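Please work through the following exercises with the sequence and the model side by side, trying each task before reading its solution.

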Amino acid sequence: QVQLVESGGGLVQPGGSLGLACAASGSIYSINAMGWYRQAPGKQRELVASITSGGSTDYADSVKGRFTISRDNVKNTVSLQMSSLKPEDTAVYYCYARIVRRFSFREGDYWGQGTQVTVSS
């Protein structure tokens with residue numbers, strides 16, 4: 001059993017900052033990529049940022065320079081620091097991780113339950 005549990009999110013004014021965190025737990029041998037997706041009402045889920053186990057990062061063009069992704073490979077956590085937030089950043093944010101399971105060594109994608117981020121005055 002593998003679980004991803006998110007924390008953070010909420011309501012913030014335009015121009016403000018907010019942090020998201022996600023912790024993976026369970027039968028984990030190793031974690032390859034981790035990251036964040038988001039889905040706004042009526043839109044498809046889109047990649048926001050990702051980070052490899054080696055620390056290489058990738059960002060959506062719309063968040064470059066405003067969002068920062070980081071991870072702790074010992075604690076199996078990934079964080080997203082968001083600044084200069086805009087109303088168009090409003091969405092449900094989902095944590096994901098590509099995990100190799102302990103014992104079976106099977107790789108799979110796992111998702112958090114989602115956390116709402118609302119940017120509004």
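**Exercise 1.** In which sense do strand E9 and strand E10 pair, and over how many bridges?

*Solution.* The model is a predicted one, in which local features need pLDDT of at least 70 and side-chain atom pairs count only at pLDDT 80 or more, whereas totals for chains, interfaces and linings use all residues. Residues are numbered from 1 along each chain as its sequence is written, and side-chain values use heavy atoms, with hydrogens and water left out.

Begin by locating E9 at residues 91–101 and E10 at residues 107–111; the two strands pair in the antiparallel sense over five bridges. Strands here are DSSP runs of E with at least two residues, helices are runs of H or I with at least four, and both are numbered from the N terminus; two strands pair if DSSP finds at least two bridges between them. Next, look across from Ala97, which has Tyr110 of E10 opposite. Finally, follow the connection: E9 and E10 make a hairpin with five residues between them, and Phe103 in that turn has a positive phi of about 75°.

**Exercise 2.** Is Thr57 buried, exposed or partly exposed, and which residues does it contact beyond its sequence neighbours?

*Solution.* Thr57 belongs to strand E6. Its relative accessibility is 40%, so Thr57 counts as partly exposed, given that buried means under 20% relative accessible area, exposed over 50%, and partly exposed in between (1.4 Å probe, protein chains only). With neighbours within four places in sequence set aside, Thr57 is in contact with Ser50, Ile51 and Ile69, contact being defined as heavy atoms within 4.5 Å. As a distance check, the C-alpha atoms of Thr57 and Met34, which are 23 residues apart along the chain, are separated by 9.7 Å.

**Exercise 3.** Which residues surround Gln81, and how far is its C-alpha from that of Leu20?

*Solution.* Gln81 lies in strand E8, residues 77–82, and with a relative accessible area of 43% Gln81 is partly exposed. Apart from neighbours within four places in sequence, Gln81 contacts Ser17, Leu18, Gly19, Arg66, Phe67 and Thr68. Leu20 is 61 residues away from Gln81 in sequence, yet their C-alpha atoms are 6.4 Å apart.

**Exercise 4.** How many helices and strands does the chain have, and what share of its residues is buried?

*Solution.* Counting elements gives zero helices and eleven strands. The radius of gyration is 14 Å, close to the 14 Å of the globule rule for 121 residues, so the chain is as compact as a globular protein of that length; the radius is taken over C-alpha atoms, and the rule is 2.2 Å times the number of residues to the power 0.38. Of the 121 residues, 39% are buried. Lastly, among contacts between residues at least 6 apart in sequence, 57% join residues at least 24 apart.
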